[in-house]
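I opened the notebook to record what I looked up in this structure.

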Amino acid sequence: MVNPFPFSAIVGQDDMRLAFMIAATDPSVGGVLAFGDRGTGKSTAVRALAALLPKIKVVSGCPYNCAPDKQAKLCGACNGSGKTKTEMRSAPVVDLPLGATEDRVVGALNLERALAAGEKHFEPGLLARANRGFLYIDEVNLLEDHLVDLLLDVAASGLNLVEREGLSLSHPARFVLIGSGNPEEGELRPQMLDRFGLALEVRTPQDIPTRMEVIRRRDAYDRDPEAFHKHWANAEKKLRTKIVHARERVTTVETGDAVLERAARLCVALGSDGLRGELTLIRAARAYAALEDVPKVGDAELKRVAPMVLSHRLRRNPLDDSGSATRVERAIQEVFAK
Amino acid sequence: MSVSDAVSTPWRRASLAAAVFAVDPLGSGLLVRAGAGPARDELMTRVAGALAPMRLSRAPADIADDRLIGGLDVAATLRAGKPIAETGVLAASHGGVLAIVMAERISAGVAARLSQALDMGEVALQRDGLSAILPAHVGIIALDEGQDDEATPAALAERLGFWIDLEHIGWRDIEPPALTPEDFEAARKLLPSVETDDQVIEILVATAAQFGVDSPRAVLFALRAARAFTALRGETKVERDDIELAATLVLGPRATRMPAPPEEQDSDEPPPPPPEETPPDEPPEQKGEDNTPRELEEQILEAVRAALPPGLLAALAAGAPRNRRSSAKDGKSGEEIYSLQRGRPLDARPGSLSKGRLALVATLRAAAPWRKLRLKPEEMDSRRVIVKPEDFRIRRHRQKKGATTIFVVDASGSLAMTRLAEVKGAIEMLLADCYARRDNIALVAFRGRAGEIVLPPTRSTARAKRALTGLPGGGGTPVAAGLDVAAAVADQARRKGQTPLIVLMTDGRANICRDGGSGRPRAMEDALDAAKRIAAAQFSVLAIDTTQGGGSGPDAPVRVLAGAMQGRYVKLPRADAAVINAVVRGALPQ
C-alpha cells in the first residue's frame with residue numbers, strides 16, 4: 001500500500017502503540033503479539049509502523065540488509081568482499097502471508113535464471129528480506145505447522161540455513177517477530193507464544209466519543225488517503241524523531257539494583273518461568289524510559305510495561321476469570337507495596 | 001415508498017441490501033443465509049445484473065491455495081522457458097465480486113486469506129518461487145447454506161457489510177425489481193460526491209452501541225450504506241431516511257442485545273457528547289421539530305428495532321448470545337490434523353511416495369526450474385522434464401481429529417468392593433468401539449490420597465486391557481485429585497488436536513482433600529473447585545453416579561459435581577456394563 005493509515009492517527013489502543021514503539025526502540029525485547037477483538041486495528045498498526053521506522057544503513061546491493069560495521073554478522077557475499085560501499089534503505093517490515101510456500105520463506109532456486117539460462121542461483125526468501133527489520137504474520141495462529149517450526153528455528157539462531165534442492169548456504173536472519181490474530185480462531189502453540197517478548201490483548205473501545213473518533217478518522221482516510229496523510233505528516237515526523245532519539249538514549253538509561261530486584265520479585269510472584277521474562281521486563285522498561293526521556297528506570301516504568309511482558313508467561317489458571325492482565329496488576333500491587 | 005415499507009418484508013430487506021451492496025461492493029460483501037432455491041437464485045441474478053459491468057465469479061469453499069492465491073503455471077512455464085504465473089481466483093476477481101458457495105464450510109485459513117484481500121485490496125503471492133503483490137480489490141458474497149450451528153467464519157462475516165436471511169422466503173414473496181442497471185451505474189458515478197456530516201457518524205455510533213454492535217467495521221459499513229442509498233436516490237446529501245435504512249440493514253442483523261427502553265436510557269447512560277469538531281460550514285439543517293440529534297437517534301433505534309426479524313428479537317429477549325461462532329475450544333475449529341488421504345486439500349509437501357499419493361502438478365512444478373540444469377547439453381532441444389525423487393510432492397488433506405475419552409474412575413474403598421469390576425467391564429466394551437473410530441482412550445484412577453494416570457491416551461486395546469486388569473481398589477476418595485489429573489490429561493489431548501471427553505464414575509463421597517488431609521466438607525470443597533476448573537476449560541463431561549440405591553435428587557453429590565463441571569449427569573441403578581457403554585457412546589462428540 002502506498003499510503004498506509006498513519007500510526008499517529010490511531011485512536012486509543014495505548015498499550016498496542018506503546019508495545020510497537022518499544023519494539024522499534026529496542027528490537028532485542030523480542031517481538032510483539034497483538035491478540036484480540038476483530039476490527040481493532042491490529043494489522044493497521046503494524047502496517048503503519050513500517051512508515052515510522054528510521055532508515056537503516058546497509059552494504060550496497062546486499063539482499064540480506066547486511067550492516068556495514070565490523071562486528072555485525074554478515075552474509076557470505078559481504079563477508080568475503082570487503083566492500084564498504086553503503087546505502088540507506090527503509091527498515092524492512094515484511095509480510096509473511098498465510099499460504100506462503102516454504103521455498104518463498106527460506107529462499108530457493110531463482111526460477112527465472114534456472115529456466116532461461118539453466119543456472120543454479122539462490123533467490124533469497126522472506127527471511128532474508130526481514131533481516132534487521134520486522135516480520136509480520138497476520139492471523140499467526142493459523143500459520144501452518146511446518147512454517148511455525150521453521151520460524152522458531154530461525155528466530156532462535158538468527159541464522160537461516162538453506163539445505164534444499166542442491167543449494168547449501170546460510171545467511172543472517174535477525175528480525176522482530178510481530179503477530180496478530182484472534183484467539184477464537186485457534187490457539188497459538190506455546191513454543192510460538194514464548195517467542196514473543198510482548199503480548200497484549202486488544203479490545204474494542206467502549207466509550208462513544210472514542211468510537212466516533214475511530215470512525216471519523218477511518219472514514220476520512222478511506223475517502224482520501226493522500227489528504228489524510230498530509231494532515232498527519234507532522235505528527236508522524238515527531239513520532240519518528242522520538243524513536244530515533246529513544247534509540248540513541250536507550251543504551252545510556254540506567255537500571256539500578258533496586259529496580260532489578262523489583263523485577264525479579266515480580267517475576268517470582270507471578271511464577272513466570274525462566275529468565276526470559278525478567279530480561280524482557282528490564283529491556284522493555286529501559287526502552288520505555290528512553291522513549292519518555294527518563295534517565296533512570298524507576299517503578300513507574302516497570303509498572304507500565306509489566307503487564308505486556310508478563311501476562312502471556314503466566315501459568316494457566318482457567319478458574320481465575322479475572323484474566324491474566326488483572327493477575328499481573330495484582331502482583332504489581334503486592335510487590336510494590338513492600 | 002416510506003422507510004418502514006421498504007424494509008417491511010424479509011424479501012424487501014434482502015433485495016434492498018443486495019442493491020445497496022451492488023452500488024459499492026468492493027471491500028465489502030453480502031452474507032446470504034439460505035438454501036439453494038428460487039429466492040436465492042433470483043437474488044443472485046439481480047445482483048449480477050446490478051453489478052454489471054463488474055464481474056461476478058464463483059469459487060468453492062474448500063478452495064486450495066494454488067487456486068485462491070495463484071502460483072506457478074507448470075505447463076505455460078515449461079512451454080515458455082521462463083516463469084509464468086497462474087493467476088489465483090482473488091487476483092482474477094480484481095475489480096469485481098467473488099461468490100463463495102457453501103460458505104459455512106470455509107475453513108479459518110481460507111477465511112483469513114479472503115479477509116486479508118478485503119482489508120488490503122491486494123493479495124500477497126509468495127509461492128512456488130514467485131513473489132508479487134497483486135491487486136485484488138474485490139467484494140465477496142458468502143452463500144451460507146449452514147444448518148443449525150454451522151456458519152460462515154466470524155472473521156469473514158464481520159467483513160461483509162450486509163447479512164441477509166432468505167430462509168423463509170418463497171416464490172410468492174418475490175417482487176419485481178424496482179431498479180434498472182442504469183440506476184446502479186448512475187449511483188456509482190454519483191457516490192464519490194455524496195457528503196456526510198459528523199452527525200451521521202454520531203447517530204450510527206450511538207445506534208451500534210445501543211444494539212451491542214462492537215466492531216467499528218460495522219459502523220463504517222453502515223456509513224457506506226447510507227451514502228450508497230443517497231446515491232441510489234440520485235441525491236448527494238445524506239438524509240434521515242438513508243441513515244435509518246443503513247442502520248436497519250447493516251446494524252440490525254448484527255444486534256447482540258436490545259437497546260434499553262427510552263425512559264431508562266437517560267439514567268444509565270450519559271447522553272452522547274456534542275461533536276468535538278466544528279461541523280461543516282453550514283449548520284445542520286433543521287427539518288421540523290423532531291430533528292434534534294437525540295430524537296433522531298430515538299427514531300432510528302425504533303426503526304431498526306421494528307425491522308429486526310422476529311426470531312432474533314425473541315433470542316435477544318431471552319438473552320441468548322447469537323452468532324457466537326464455536327470457538328476453538330469446543331472442537332469445531334483448530335482441532336484438526338493433516339491427513340494424507342481425506343479432508344480438505346492443502347498445499348502438497350515434499351515426501352516419499354511410500355507415504356502418500358503423488359501430487360502430479362506440484363511435483364512437476366518442483367522439477368520445472370531444474371529442467372535445463374538436469375538436461376545434458378546434447379538434449380537441450382528436447383522437451384523432456386527430468387523428475388528426481390526430491391521433486392516428489394505428496395497430497396495432504398486436513399481433517400478433524402478424533403476424540404479422546406478419559407475415564408476417571410473412583411477406585412476407592414467405597415466403590416471398589418461392589419462396582420469396580422462392572423466399571424472395568426464397561427470400559428473394556430468401549431475400547432472396541434474406540435478402536436473402530438480411531439479414538440483414543442485414557443484412564444485416570446483415584447484412590448488413597450492421590451489421582452494417577454493409569455493409562456495415558458492410547459488406541460491400543462491390549463495395553464488398555466492390561467492396565468484395567470491391574471487396577472487396584474481401596475482407600476480414601478480423593479475426588480479433587482482425580483479431577484485435577486483428568487483436567488491435565490484433557491488439556492494435553494486438546495493441544496494435540498483431539499476433542500476430549502471426561503467420563504467420571506464415582507459415588508461422589510469425597511473425603512480426601514487436595515493436600516492429602518481428610519475431612520468431608522473440605523474434601524468436597526476441593527472437589528467442587530476442581531470441577532469448576534474443568535467447566536472453565538470447557539471440556540465435555542459426563543458424570544456417572546454409581547451410588548447403590550439412595551436418591552439422585554439435586555443434593556446427590558455427583559449431581560452437584562456434574563453441575564459444577566457443566567456436564568451431563570446420569571444415575572445408574574446398576575452399573576451394568578452394557579448400559580454404561582450406551583450412555584458414554586451417546587455422549588461422545590459426533
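**Entry 1: ground rules**

I am working with a predicted model, in which local features need pLDDT of at least 70 and side-chain atom pairs count only at pLDDT 80 or more, while totals for chains, interfaces and linings use all residues. Residues are numbered from 1 along each chain as its sequence is written, and chains are lettered from A and ligands numbered from 1 in the order in which they are written.

**Entry 2: chain B overall**

I looked up the elements of chain B and found 23 helices and 18 strands. Helices (H or I, at least four residues) and strands (E, at least two) are DSSP runs, numbered from the N terminus. Of the 590 residues in chain B, 46% are buried. A residue is buried if 20 or more other C-beta atoms lie within 10 Å of its own, exposed if 12 or fewer, and partly exposed in between, with C-beta atoms placed from the backbone. I also checked contacts in chain B between residues at least 6 apart in sequence, and 79% of these join residues at least 24 apart. Two residues are in contact if their C-beta atoms, placed from the backbone, lie within 7 Å.

**Entry 3: the five-stranded sheet of chain B**

In which order do the strands of the open sheet in chain B stand? I read S2-S5-S8-S1-S9, with parallel pairing. Two strands pair if DSSP finds at least two bridges between them. S2 (56-60) and S9 (162-165) of chain B are at the edges with a single partner strand each, so each has one side without a neighbour in the sheet. On average, neighbouring strands of this sheet are turned by 20 degrees against each other, direction ignored. Axes are lines fitted to C-alpha atoms, for helices over the stretch in contact, and angles run from 0 to 180 degrees between N-to-C directions.

I then followed S1 (residues 29-33) of chain B, which pairs with S8 (residues 139-144) of chain B in the parallel sense over five bridges. Arg33(B) has Asp144(B) as its bridge partner in S8(B). Helix H2 (residues 10-23) of chain B packs on the sheet and touches S1 and S9 of chain B, its direction making about 150 degrees with that of S9(B). Helix H3 (residues 38-51) of chain B lies across S1, S2 and S5 (97-101) of chain B, at about 135 degrees to S2(B).

**Entry 4: strand S14 of chain B**

Is strand S14 (residues 440-447) of chain B mostly covered or uncovered? I found it mostly covered, with eight of its eight residues buried. In a regular strand the side chains alternate between the two faces of the sheet. Here Asn440(B), Ala442(B), Val444(B) and Phe446(B) point one way, and Ile441(B), Leu443(B), Ala445(B) and Arg447(B) the other way.

S14(B) runs parallel to S13 (residues 403-410) of chain B, joined by seven bridges; Val409(B) has Ala445(B) as its bridge partner in S14(B). With S15 (residues 450-458) of chain B, S14(B) pairs in the antiparallel sense over six bridges, and Ile441(B) stands opposite Thr458(B) there. S14(B) and S15(B) form a hairpin with two residues between them, and Gly448(B) in the turn has a positive phi of about 65 degrees.

**Entry 5: where the chains meet**

I found 51 residues of chain B in contact with 45 residues of chain A. H7(B) gives the most to the side of chain B that touches chain A, with seven residues. The residues of that side divide into 24 nonpolar, 11 polar and 16 charged. Ala, Val, Leu, Ile, Met, Phe, Trp, Tyr, Cys and Pro count as nonpolar, Asp, Glu, Lys and Arg as charged, and the others, Gly among them, as polar.

**Entry 6: chain A**

The open sheet I looked up in chain A has five strands in the order S4-S7-S10-S1-S11, with parallel pairing. Three bridges join S4(A) to S7 (residues 133-138) of chain A, and Val93(A) has Phe134(A) as its bridge partner in S7(A).

Last, I looked up Ser180(A), which is found in strand S10 (residues 175-181) of chain A. Ser180(A) is buried, because 24 other C-beta atoms lie within 10 Å. Leaving aside neighbours within four places in sequence, its contacts include Ala34(A), Lys42(A) and Asp138(A). Ser180(A) and His231(A) are 51 residues apart in sequence and 28 Å apart in space, C-alpha to C-alpha.
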